[in-house]
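Work through the exercises below with the sequence and the 3D view at hand. Try each task before reading its solution.

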Amino acid sequence: MVRQELELAPRASALAESLRDMGYSLRTALADVIDNSITAGARNIDLLADTHDQIPAIGVLDDGCGMTRPEVLEAMRPGSRNPLELRDADDLGRFGLGLKTASFSQCRRVTVYTRKEGVATRASWDLDTVAARDKWVVEVGDSEAGIRWSECLIGDGTLVVWEKLDRLIGSDEQTERSDLVRQLDDAASHLEFVFHRFIGGRGRRKVTMSLNGRELRAFDPFNSNHPATQHHAEEVISLDGREIRIWPVTLPHHDKVEKAEWERLAGPEGYVSNQGFYLYRNRRLILHGTWFRLARQLELTKLARVGIDIPNTLDAEWKIDVKKASAQPPAPVRQRLRRIIDRMGVPSRRTYTGRGTKLTSESRLPVWERKQDKNRISYEINGGHPLIAAFREEMGDERANEFDRILSVIAAALPVEALHVDVSANPEAVGSPPIALEELGTIVSSMWGILRARELSARQIKDWMRSAEPFRSDWQRTLRFIEDLEQHMTDGA
(Lines give C-alpha, C1' and ligand atoms only; values in the text may rest on other atoms or scores of the structure.)
Protein backbone atom coordinates (compact mmCIF):
# COMPACT_ATOMS: atom_id res chain seq x y z
CA MET A 1 0.00 0.00 0.00
CA VAL A 2 1.42 3.33 -1.08
CA ARG A 3 0.87 6.18 1.35
CA GLN A 4 0.94 9.71 0.01
CA GLU A 5 0.92 13.12 1.60
CA LEU A 6 -0.84 15.88 -0.27
CA GLU A 7 -1.02 19.55 0.62
CA LEU A 8 -4.59 20.80 0.29
CA ALA A 9 -4.45 24.56 0.51
CA PRO A 10 -7.83 26.21 1.18
CA ARG A 11 -9.43 27.97 -1.75
CA ALA A 12 -8.64 31.63 -1.31
CA SER A 13 -11.99 32.89 -2.61
CA ALA A 14 -14.01 30.60 -0.33
CA LEU A 15 -11.92 31.06 2.81
CA ALA A 16 -11.78 34.84 2.41
CA GLU A 17 -15.56 35.05 2.37
CA SER A 18 -15.81 32.67 5.34
CA LEU A 19 -13.46 34.84 7.39
CA ARG A 20 -15.94 37.68 7.07
CA ASP A 21 -18.53 35.95 9.21
CA MET A 22 -16.86 35.50 12.59
CA GLY A 23 -19.38 37.57 14.48
CA TYR A 24 -17.74 40.99 14.56
CA SER A 25 -19.73 44.17 14.89
CA LEU A 26 -18.27 47.52 13.86
CA ARG A 27 -17.30 48.34 17.43
CA THR A 28 -15.59 44.99 18.14
CA ALA A 29 -13.81 45.14 14.78
CA LEU A 30 -12.41 48.61 15.53
CA ALA A 31 -11.34 47.48 19.00
CA ASP A 32 -9.42 44.58 17.44
CA VAL A 33 -7.53 46.92 15.10
CA ILE A 34 -6.77 49.30 17.97
CA ASP A 35 -5.26 46.37 19.89
CA ASN A 36 -2.48 46.35 17.29
CA SER A 37 -1.93 50.09 17.70
CA ILE A 38 -1.54 49.79 21.46
CA THR A 39 0.77 46.80 21.09
CA ALA A 40 2.89 48.93 18.73
CA GLY A 41 3.37 51.48 21.52
CA ALA A 42 1.02 54.15 20.18
CA ARG A 43 0.21 57.08 22.46
CA ASN A 44 -2.27 58.72 20.07
CA ILE A 45 -4.90 56.81 18.11
CA ASP A 46 -7.31 58.61 15.80
CA LEU A 47 -10.46 57.00 14.49
CA LEU A 48 -11.27 58.63 11.13
CA ALA A 49 -14.57 58.35 9.32
CA ASP A 50 -15.79 59.88 6.07
CA THR A 51 -19.48 59.05 5.77
CA HIS A 52 -20.44 61.82 3.33
CA ASP A 53 -18.01 61.13 0.49
CA GLN A 54 -19.30 59.28 -2.56
CA ILE A 55 -17.02 56.44 -1.50
CA PRO A 56 -17.20 56.33 2.33
CA ALA A 57 -14.25 55.03 4.31
CA ILE A 58 -13.08 54.41 7.87
CA GLY A 59 -9.52 54.70 9.11
CA VAL A 60 -7.46 54.03 12.23
CA LEU A 61 -4.29 56.13 12.57
CA ASP A 62 -1.64 55.67 15.25
CA ASP A 63 1.79 57.01 16.14
CA GLY A 64 3.23 53.64 17.13
CA CYS A 65 6.54 52.16 16.03
CA GLY A 66 5.34 51.41 12.49
CA MET A 67 6.42 48.39 10.40
CA THR A 68 9.07 47.49 7.88
CA ARG A 69 8.10 45.90 4.57
CA PRO A 70 8.68 42.32 5.84
CA GLU A 71 6.75 43.13 9.02
CA VAL A 72 3.74 44.57 7.22
CA LEU A 73 3.61 41.60 4.84
CA GLU A 74 3.64 39.25 7.83
CA ALA A 75 0.95 41.34 9.51
CA MET A 76 -1.23 41.01 6.39
CA ARG A 77 -0.82 37.23 6.29
CA PRO A 78 -3.95 35.41 7.58
CA GLY A 79 -2.89 33.44 10.65
CA SER A 80 0.43 35.26 10.99
CA ARG A 81 1.00 34.13 14.60
CA ASN A 82 0.43 30.78 16.27
CA PRO A 83 -1.77 31.39 19.34
CA LEU A 84 0.44 28.95 21.27
CA GLU A 85 3.54 31.11 20.73
CA LEU A 86 4.78 33.08 23.71
CA ARG A 87 3.96 36.76 23.21
CA ASP A 88 5.40 39.89 24.79
CA ALA A 89 3.79 40.68 28.14
CA ASP A 90 2.01 43.77 26.73
CA ASP A 91 0.87 42.17 23.45
CA LEU A 92 -2.89 42.45 22.99
CA GLY A 93 -2.96 40.06 20.01
CA ARG A 94 -4.17 36.47 20.12
CA PHE A 95 -4.41 34.44 16.90
CA GLY A 96 -2.66 36.58 14.31
CA LEU A 97 -6.02 37.03 12.63
CA GLY A 98 -7.41 40.23 14.17
CA LEU A 99 -6.40 42.81 11.58
CA LYS A 100 -7.63 40.67 8.71
CA THR A 101 -10.82 39.17 10.14
CA ALA A 102 -11.88 42.43 11.79
CA SER A 103 -11.32 44.35 8.55
CA PHE A 104 -12.91 41.75 6.26
CA SER A 105 -15.99 41.68 8.50
CA GLN A 106 -16.71 45.33 7.63
CA CYS A 107 -15.20 45.96 4.18
CA ARG A 108 -13.92 44.33 1.01
CA ARG A 109 -10.75 46.40 0.75
CA VAL A 110 -8.29 47.12 3.55
CA THR A 111 -5.07 49.09 3.13
CA VAL A 112 -2.24 49.35 5.63
CA TYR A 113 0.08 52.32 5.13
CA THR A 114 2.95 52.34 7.61
CA ARG A 115 6.25 54.09 8.19
CA LYS A 116 9.19 52.91 10.29
CA GLU A 117 12.44 54.85 10.66
CA GLY A 118 11.34 57.09 7.80
CA VAL A 119 10.69 54.27 5.30
CA ALA A 120 7.06 53.89 4.15
CA THR A 121 5.28 50.74 2.95
CA ARG A 122 1.75 50.07 1.82
CA ALA A 123 -0.15 46.81 1.39
CA SER A 124 -3.77 46.14 0.47
CA TRP A 125 -6.16 43.22 0.50
CA ASP A 126 -8.99 43.51 -2.00
CA LEU A 127 -11.45 40.65 -1.69
CA ASP A 128 -12.79 41.28 -5.18
CA THR A 129 -9.29 40.56 -6.53
CA VAL A 130 -8.94 37.49 -4.32
CA ALA A 131 -12.32 36.20 -5.51
CA ALA A 132 -11.59 36.86 -9.19
CA ARG A 133 -8.17 35.15 -9.15
CA ASP A 134 -8.84 32.65 -6.34
CA LYS A 135 -5.41 33.43 -4.91
CA TRP A 136 -4.13 35.26 -1.85
CA VAL A 137 -2.87 38.21 -3.86
CA VAL A 138 -1.87 41.27 -1.84
CA GLU A 139 -1.01 44.62 -3.43
CA VAL A 140 2.28 46.09 -2.19
CA GLY A 141 4.04 49.43 -2.80
CA ASP A 142 5.65 52.44 -1.16
CA SER A 143 3.59 55.33 -2.55
CA GLU A 144 0.88 57.05 -0.53
CA ALA A 145 -1.01 58.06 -3.66
CA GLY A 146 -4.72 57.34 -3.46
CA ILE A 147 -4.67 56.42 0.23
CA ARG A 148 -7.29 58.30 2.24
CA TRP A 149 -5.80 60.32 5.15
CA SER A 150 -2.21 59.39 4.21
CA GLU A 151 -1.18 63.01 4.79
CA CYS A 152 -2.13 62.57 8.47
CA LEU A 153 0.64 60.02 9.03
CA ILE A 154 3.49 62.23 10.22
CA GLY A 155 6.61 60.39 11.33
CA ASP A 156 6.52 56.72 12.27
CA GLY A 157 3.18 55.00 12.73
CA THR A 158 0.47 53.09 10.91
CA LEU A 159 -2.75 53.94 9.08
CA VAL A 160 -5.39 51.28 8.41
CA VAL A 161 -8.07 52.25 5.88
CA TRP A 162 -11.29 50.36 5.18
CA GLU A 163 -13.00 50.89 1.84
CA LYS A 164 -15.81 49.14 -0.03
CA LEU A 165 -17.89 49.11 3.14
CA ASP A 166 -20.42 46.65 1.78
CA ARG A 167 -21.37 45.39 5.24
CA LEU A 168 -22.06 48.94 6.44
CA ILE A 169 -23.37 50.67 3.30
CA GLY A 170 -25.75 48.67 1.13
CA SER A 171 -28.38 49.47 -1.46
CA ASP A 172 -30.33 51.98 0.63
CA GLU A 173 -27.39 54.37 0.99
CA GLN A 174 -29.16 57.31 2.58
CA THR A 175 -30.67 55.26 5.41
CA GLU A 176 -27.57 53.17 5.95
CA ARG A 177 -25.18 56.15 5.96
CA SER A 178 -27.28 57.61 8.76
CA ASP A 179 -27.12 54.28 10.57
CA LEU A 180 -23.33 54.21 10.05
CA VAL A 181 -23.05 57.50 11.94
CA ARG A 182 -25.03 55.93 14.78
CA GLN A 183 -22.80 52.85 14.75
CA LEU A 184 -19.67 55.00 14.87
CA ASP A 185 -20.99 56.85 17.92
CA ASP A 186 -21.78 53.50 19.50
CA ALA A 187 -18.26 52.29 18.64
CA ALA A 188 -16.74 55.37 20.28
CA SER A 189 -18.62 54.63 23.51
CA HIS A 190 -17.47 51.01 23.29
CA LEU A 191 -13.82 52.07 22.93
CA GLU A 192 -14.14 54.41 25.92
CA PHE A 193 -15.27 51.36 27.88
CA VAL A 194 -12.98 48.62 26.57
CA PHE A 195 -9.81 50.73 26.72
CA HIS A 196 -10.69 52.88 29.74
CA ARG A 197 -7.57 51.82 31.64
CA PHE A 198 -5.41 53.01 28.75
CA ILE A 199 -7.34 56.25 28.10
CA GLY A 200 -7.45 56.99 31.81
CA GLY A 201 -3.73 56.21 32.09
CA ARG A 202 -3.98 55.01 35.69
CA GLY A 203 -0.28 54.75 36.62
CA ARG A 204 0.68 53.34 33.23
CA ARG A 205 1.22 54.57 29.67
CA LYS A 206 -1.67 56.84 28.72
CA VAL A 207 -3.23 56.52 25.28
CA THR A 208 -5.26 59.34 23.75
CA MET A 209 -8.07 58.28 21.38
CA SER A 210 -10.36 60.43 19.24
CA LEU A 211 -13.15 60.13 16.68
CA ASN A 212 -12.80 62.72 13.91
CA GLY A 213 -11.02 65.03 16.33
CA ARG A 214 -13.38 64.50 19.27
CA GLU A 215 -11.34 63.13 22.14
CA LEU A 216 -12.74 60.04 23.82
CA ARG A 217 -12.90 59.98 27.61
CA ALA A 218 -12.42 56.90 29.73
CA PHE A 219 -15.54 55.22 31.10
CA ASP A 220 -14.55 53.49 34.34
CA PRO A 221 -17.32 51.00 35.22
CA PHE A 222 -16.01 50.83 38.80
CA ASN A 223 -16.30 54.59 39.47
CA SER A 224 -12.94 54.08 41.17
CA ASN A 225 -12.33 57.67 42.26
CA HIS A 226 -15.72 58.31 43.87
CA PRO A 227 -15.46 58.61 47.69
CA ALA A 228 -18.57 56.44 48.20
CA THR A 229 -17.21 53.54 46.13
CA GLN A 230 -16.27 50.63 48.39
CA HIS A 231 -12.98 48.92 47.46
CA HIS A 232 -12.77 45.49 49.06
CA ALA A 233 -9.71 43.34 49.73
CA GLU A 234 -7.93 42.12 46.59
CA GLU A 235 -7.12 38.46 46.03
CA VAL A 236 -4.38 36.88 43.97
CA ILE A 237 -4.81 33.40 42.51
CA SER A 238 -1.81 31.52 41.13
CA LEU A 239 -2.49 29.22 38.17
CA ASP A 240 0.57 27.26 37.10
CA GLY A 241 2.78 30.05 38.42
CA ARG A 242 0.86 32.82 36.63
CA GLU A 243 -1.03 35.38 38.69
CA ILE A 244 -4.70 36.27 38.42
CA ARG A 245 -5.60 39.43 40.34
CA ILE A 246 -9.18 39.92 41.57
CA TRP A 247 -10.44 43.25 42.92
CA PRO A 248 -14.05 43.54 44.13
CA VAL A 249 -15.92 46.84 44.29
CA THR A 250 -19.34 47.95 45.50
CA LEU A 251 -20.69 50.99 43.63
CA PRO A 252 -22.26 53.93 45.50
CA HIS A 253 -25.99 54.00 46.15
CA HIS A 254 -27.86 56.27 43.71
CA ASP A 255 -28.38 58.96 46.35
CA LYS A 256 -24.58 59.33 46.64
CA VAL A 257 -23.94 60.31 43.01
CA GLU A 258 -25.24 62.86 40.53
CA LYS A 259 -28.11 61.70 38.32
CA ALA A 260 -26.07 61.93 35.09
CA GLU A 261 -23.23 59.93 36.64
CA TRP A 262 -25.66 57.30 37.96
CA GLU A 263 -27.26 56.86 34.54
CA ARG A 264 -23.91 56.65 32.72
CA LEU A 265 -22.60 53.98 35.09
CA ALA A 266 -25.78 51.96 34.55
CA GLY A 267 -24.94 51.57 30.85
CA PRO A 268 -27.58 50.83 28.20
CA GLU A 269 -28.53 47.51 29.81
CA GLY A 270 -28.90 48.87 33.35
CA TYR A 271 -27.27 48.00 36.68
CA VAL A 272 -28.74 44.52 37.04
CA SER A 273 -27.31 43.36 33.71
CA ASN A 274 -23.93 45.00 34.33
CA GLN A 275 -23.23 43.49 37.73
CA GLY A 276 -20.68 40.70 37.97
CA PHE A 277 -17.16 40.01 36.78
CA TYR A 278 -15.17 42.31 34.49
CA LEU A 279 -12.37 40.34 32.84
CA TYR A 280 -9.27 42.25 31.70
CA ARG A 281 -6.45 40.80 29.61
CA ASN A 282 -3.39 43.03 29.79
CA ARG A 283 -5.65 45.85 31.07
CA ARG A 284 -7.92 45.54 28.02
CA LEU A 285 -11.54 44.66 28.86
CA ILE A 286 -12.57 41.31 27.37
CA LEU A 287 -15.87 40.49 29.05
CA HIS A 288 -18.18 42.23 31.51
CA GLY A 289 -21.46 41.87 33.36
CA THR A 290 -21.42 38.12 34.02
CA TRP A 291 -21.18 35.81 37.01
CA PHE A 292 -20.00 33.01 34.68
CA ARG A 293 -23.18 31.11 35.59
CA LEU A 294 -21.98 30.84 39.17
CA ALA A 295 -24.78 33.05 40.47
CA ARG A 296 -27.89 34.87 39.28
CA GLN A 297 -28.02 38.58 38.54
CA LEU A 298 -30.29 39.99 41.22
CA GLU A 299 -31.63 43.43 41.99
CA LEU A 300 -30.06 43.39 45.46
CA THR A 301 -26.56 42.63 44.11
CA LYS A 302 -26.68 45.05 41.21
CA LEU A 303 -24.00 47.31 42.72
CA ALA A 304 -21.42 44.49 42.90
CA ARG A 305 -18.65 44.51 40.26
CA VAL A 306 -15.48 42.43 40.39
CA GLY A 307 -12.43 43.13 38.24
CA ILE A 308 -10.22 40.23 37.13
CA ASP A 309 -6.76 40.80 35.64
CA ILE A 310 -5.17 37.98 33.64
CA PRO A 311 -1.97 37.91 31.55
CA ASN A 312 -1.96 36.89 27.87
CA THR A 313 -0.14 33.69 28.85
CA LEU A 314 -3.47 32.35 30.17
CA ASP A 315 -5.42 32.78 26.91
CA ALA A 316 -5.83 29.06 26.31
CA GLU A 317 -6.90 28.32 29.90
CA TRP A 318 -9.55 31.06 29.77
CA LYS A 319 -10.64 30.09 26.23
CA ILE A 320 -10.27 33.65 24.86
CA ASP A 321 -11.92 33.74 21.42
CA VAL A 322 -10.72 35.36 18.18
CA LYS A 323 -12.74 38.55 18.74
CA LYS A 324 -11.50 38.77 22.34
CA ALA A 325 -15.12 39.13 23.40
CA SER A 326 -15.79 35.90 25.33
CA ALA A 327 -14.03 33.74 27.88
CA GLN A 328 -14.56 30.96 30.43
CA PRO A 329 -12.73 30.66 33.76
CA PRO A 330 -10.60 27.53 34.30
CA ALA A 331 -12.00 24.97 36.73
CA PRO A 332 -9.51 25.74 39.56
CA VAL A 333 -10.45 29.43 39.35
CA ARG A 334 -14.21 28.87 39.32
CA GLN A 335 -14.23 27.64 42.92
CA ARG A 336 -12.43 30.76 44.14
CA LEU A 337 -14.76 32.99 42.15
CA ARG A 338 -17.78 31.30 43.70
CA ARG A 339 -16.51 32.17 47.19
CA ILE A 340 -15.89 35.77 46.11
CA ILE A 341 -19.47 36.02 44.83
CA ASP A 342 -20.82 34.85 48.20
CA ARG A 343 -18.67 37.40 50.00
CA MET A 344 -19.52 40.24 47.59
CA GLY A 345 -23.26 39.80 47.97
CA VAL A 346 -23.17 41.11 51.54
CA PRO A 347 -21.82 44.68 50.98
CA SER A 348 -23.85 45.11 47.81
CA ARG A 349 -27.09 44.18 49.56
CA ARG A 350 -26.16 46.35 52.53
CA THR A 351 -25.47 49.37 50.31
CA TYR A 352 -28.67 48.98 48.35
CA THR A 353 -31.00 48.09 51.21
CA GLY A 354 -29.30 50.04 53.98
CA ARG A 355 -31.75 52.90 53.93
CA GLY A 356 -34.78 50.60 53.99
CA THR A 357 -33.30 48.48 56.77
CA LYS A 358 -32.66 51.57 58.85
CA LEU A 359 -36.24 52.76 58.46
CA THR A 360 -37.80 49.49 59.57
CA SER A 361 -35.40 48.80 62.44
CA GLU A 362 -34.67 52.26 63.88
CA SER A 363 -37.69 54.37 63.09
CA ARG A 364 -39.61 55.27 66.27
CA LEU A 365 -42.69 56.21 64.22
CA PRO A 366 -43.16 53.54 61.52
CA VAL A 367 -46.39 53.82 59.53
CA TRP A 368 -45.83 50.36 58.04
CA GLU A 369 -44.76 47.30 60.01
CA ARG A 370 -42.87 44.40 58.44
CA LYS A 371 -44.03 41.01 59.70
CA GLN A 372 -42.59 37.61 58.89
CA ASP A 373 -44.36 34.31 59.46
CA LYS A 374 -42.04 31.46 58.46
CA ASN A 375 -41.24 32.18 54.79
CA ARG A 376 -44.01 34.71 54.23
CA ILE A 377 -43.36 38.44 54.62
CA SER A 378 -46.17 40.97 54.85
CA TYR A 379 -46.57 44.68 55.58
CA GLU A 380 -49.32 46.05 57.81
CA ILE A 381 -50.30 49.57 58.85
CA ASN A 382 -49.05 50.32 62.33
CA GLY A 383 -52.15 51.03 64.39
CA GLY A 384 -49.94 52.28 67.21
CA HIS A 385 -48.59 55.17 65.16
CA PRO A 386 -49.31 58.33 67.23
CA LEU A 387 -51.35 60.08 64.53
CA ILE A 388 -53.38 56.97 63.73
CA ALA A 389 -53.89 56.05 67.38
CA ALA A 390 -54.96 59.60 68.31
CA PHE A 391 -57.43 59.72 65.43
CA ARG A 392 -58.88 56.35 66.41
CA GLU A 393 -59.32 57.37 70.05
CA GLU A 394 -61.67 60.17 69.03
CA MET A 395 -64.11 57.64 67.52
CA GLY A 396 -66.72 55.56 69.19
CA ASP A 397 -66.28 51.80 69.30
CA GLU A 398 -68.35 51.15 66.19
CA ARG A 399 -66.57 53.77 64.10
CA ALA A 400 -63.20 52.59 65.45
CA ASN A 401 -63.93 49.03 64.36
CA GLU A 402 -64.93 50.29 60.92
CA PHE A 403 -61.71 52.32 60.78
CA ASP A 404 -59.66 49.19 61.62
CA ARG A 405 -61.37 47.32 58.77
CA ILE A 406 -60.46 50.13 56.35
CA LEU A 407 -56.81 49.93 57.46
CA SER A 408 -56.88 46.17 56.88
CA VAL A 409 -58.25 46.66 53.37
CA ILE A 410 -55.53 49.23 52.58
CA ALA A 411 -52.80 46.90 53.85
CA ALA A 412 -54.22 43.90 51.97
CA ALA A 413 -54.39 45.95 48.77
CA LEU A 414 -50.70 46.92 48.87
CA PRO A 415 -49.61 46.56 45.18
CA VAL A 416 -46.70 44.21 45.90
CA GLU A 417 -46.27 42.96 42.31
CA ALA A 418 -46.32 46.46 40.81
CA LEU A 419 -43.83 47.69 43.42
CA HIS A 420 -41.54 44.76 42.69
CA VAL A 421 -41.61 45.46 38.94
CA ASP A 422 -41.00 49.20 39.37
CA VAL A 423 -38.22 48.81 41.94
CA SER A 424 -36.52 46.13 39.88
CA ALA A 425 -36.66 48.17 36.69
CA ASN A 426 -35.90 51.66 37.96
CA PRO A 427 -35.61 51.89 41.76
CA GLU A 428 -34.29 55.43 41.85
CA ALA A 429 -37.50 56.63 40.18
CA VAL A 430 -39.75 55.08 42.84
CA GLY A 431 -40.71 57.36 45.72
CA SER A 432 -43.48 58.73 47.88
CA PRO A 433 -45.80 61.46 46.57
CA PRO A 434 -44.85 64.99 47.69
CA ILE A 435 -46.79 66.65 50.52
CA ALA A 436 -47.91 70.24 50.11
CA LEU A 437 -46.27 72.74 52.45
CA GLU A 438 -49.47 73.63 54.31
CA GLU A 439 -50.40 69.97 54.74
CA LEU A 440 -46.92 69.12 56.01
CA GLY A 441 -47.18 71.93 58.54
CA THR A 442 -50.48 70.55 59.84
CA ILE A 443 -49.05 67.04 60.17
CA VAL A 444 -45.92 68.29 61.97
CA SER A 445 -48.05 70.34 64.36
CA SER A 446 -50.32 67.37 65.14
CA MET A 447 -47.39 65.04 65.71
CA TRP A 448 -45.62 67.61 67.88
CA GLY A 449 -48.68 68.01 70.09
CA ILE A 450 -49.22 64.27 70.49
CA LEU A 451 -45.59 63.57 71.38
CA ARG A 452 -45.41 66.55 73.77
CA ALA A 453 -48.49 65.12 75.52
CA ARG A 454 -46.47 61.92 76.02
CA GLU A 455 -43.93 64.07 77.87
CA LEU A 456 -41.16 63.70 75.28
CA SER A 457 -38.56 66.44 75.24
CA ALA A 458 -38.05 68.69 72.21
CA ARG A 459 -34.81 66.85 71.42
CA GLN A 460 -36.52 63.44 71.60
CA ILE A 461 -39.32 64.62 69.33
CA LYS A 462 -36.80 65.78 66.75
CA ASP A 463 -34.97 62.44 66.88
CA TRP A 464 -38.18 60.47 66.52
CA MET A 465 -39.51 62.54 63.63
CA ARG A 466 -36.19 62.63 61.80
CA SER A 467 -36.18 58.82 61.69
CA ALA A 468 -39.64 58.53 60.11
CA GLU A 469 -41.48 59.39 56.92
CA PRO A 470 -42.77 61.76 55.71
CA PHE A 471 -40.53 63.97 57.85
CA ARG A 472 -37.16 62.33 57.06
CA SER A 473 -37.39 62.94 53.30
CA ASP A 474 -38.38 66.58 53.81
CA TRP A 475 -36.41 67.31 56.95
CA GLN A 476 -35.41 70.92 56.27
CA ARG A 477 -39.00 72.09 55.91
CA THR A 478 -40.05 69.86 58.83
CA LEU A 479 -37.33 71.38 61.01
CA ARG A 480 -38.51 74.92 60.26
CA PHE A 481 -42.03 74.00 61.41
CA ILE A 482 -40.64 72.44 64.59
CA GLU A 483 -38.55 75.53 65.33
CA ASP A 484 -41.66 77.71 64.91
CA LEU A 485 -43.52 75.46 67.35
CA GLU A 486 -40.62 75.65 69.83
CA GLN A 487 -40.55 79.44 69.55
CA HIS A 488 -44.30 79.62 70.07
CA MET A 489 -43.99 77.40 73.13
CA THR A 490 -41.20 79.63 74.51
CA ASP A 491 -43.21 82.82 73.90
CA GLY A 492 -46.23 81.27 75.57
CA ALA A 493 -44.19 80.39 78.62
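**Exercise 1. In which strand is T290, and which residues does T290 touch, not counting residues up to four places away in sequence?**

Solution. The model is a predicted one.
Step 1. Find strand β13, which covers residues 284–290; T290 belongs to this strand.
Step 2. Leave out residues up to four places away in sequence, and the contacts of T290 are Q275, G276, F277 and Q297.
Step 3. Now look at the side chain of T290: one of its polar atoms lies 2.9 Å from the backbone nitrogen of F292.

**Exercise 2. Where is F292, and is F292 buried or exposed?**

Solution. 
Step 1. F292 is placed in the loop between β13 and β14.
Step 2. The relative accessible area of F292 is 8%. Buried means under 20%, so F292 is buried.
Step 3. Check the backbone: phi of F292 is positive, about 55°, although F292 is not a glycine.
Step 4. K319 lies in the loop between α10 (315–318) and α11 (331–362).

**Exercise 3. Which residues of the largest nonpolar core touch the most other members?**

Solution. 
Step 1. The largest nonpolar core has 65 residues.
Step 2. Within this core, the residues that touch the most other members are I58, W162, F195 and M209.
Step 3. Take F195 and set aside its neighbours within four places in sequence: F195 is then in contact with A31, I34, D35, I38, M209 and R284.
Step 4. There is also a second, separate core of 24 residues, and F292, V306, A327 and L337 are among its members.
Step 5. As background, nonpolar side chains tend to be buried together in soluble globular proteins.

**Exercise 4. Which residues of helix α8 are buried, and why do they line one face of the helix?**

Solution. 
Step 1. Helix α8 spans residues 259–266, and its residues W262, L265 and A266 are buried.
Step 2. Look down the axis of α8: the buried residues fall within an arc of 105°, so they line one face of the helix.
Step 3. Ask what covers these buried residues: the cover includes α9 (271–274) and β14 (304–310).
Step 4. Go to the residue that follows α8, which is G267; its phi is positive, near 70°.

**Exercise 5. At what angle do the axes of α12 and α13 cross, and which residues make the contact?**

Solution. 
Step 1. Two packed helices are described by the angle between their axes and the distance between the axes.
Step 2. For helix α12 (residues 386–393) and helix α13 (residues 397–412), the axes come within 9 Å and the crossing angle is roughly 145°.
Step 3. On the α12 side the contact is made by I388, F391 and R392, and on the α13 side by A400, N401, F403, D404 and L407.
Step 4. Sort these residues by type: five are nonpolar, one is polar and two are charged.

**Exercise 6. Which residues does the cis peptide bond with omega about 5° join?**

Solution. 
Step 1. This cis peptide bond joins E469 and P470.
Step 2. P470 lies in the loop between α16 (458–466) and α17 (475–492).

**Exercise 7. How many helices and strands are in the chain, and what share of its residues count as buried?**

Solution. 
Step 1. The chain has 17 helices and 16 strands.
Step 2. The chain has 493 residues, of which 45% count as buried.
Step 3. Consider contacts between residues at least 6 apart in sequence: 67% of them join residues at least 24 apart.

Conventions. Residues numbered from 1 in each chain as written. Predicted model: local features only at pLDDT ≥ 70, side-chain atom pairs only at ≥ 80, totals over all residues. Heavy atoms only, no water. Axes fitted to C-alpha atoms, helices over the stretch in contact; angles between N-to-C directions. Helix = DSSP H or I, 4+ residues; strand = E, 2+ residues; numbered from the N terminus. Contact = heavy atoms within 4.5 Å. Nonpolar A, V, L, I, M, F, W, Y, C, P; charged D, E, K, R; others polar. Polar contact = N/O pair within 3.5 Å; in protein donor to acceptor, adjacent residues only side chain to side chain. Core = buried A, V, L, I, M, F, W, Y, C linked by side-chain atoms within 4.5 Å. Buried < 20%, exposed > 50% of the residue type's maximum accessible area, 1.4 Å probe, protein only. Arc of directions from axis to C-beta.
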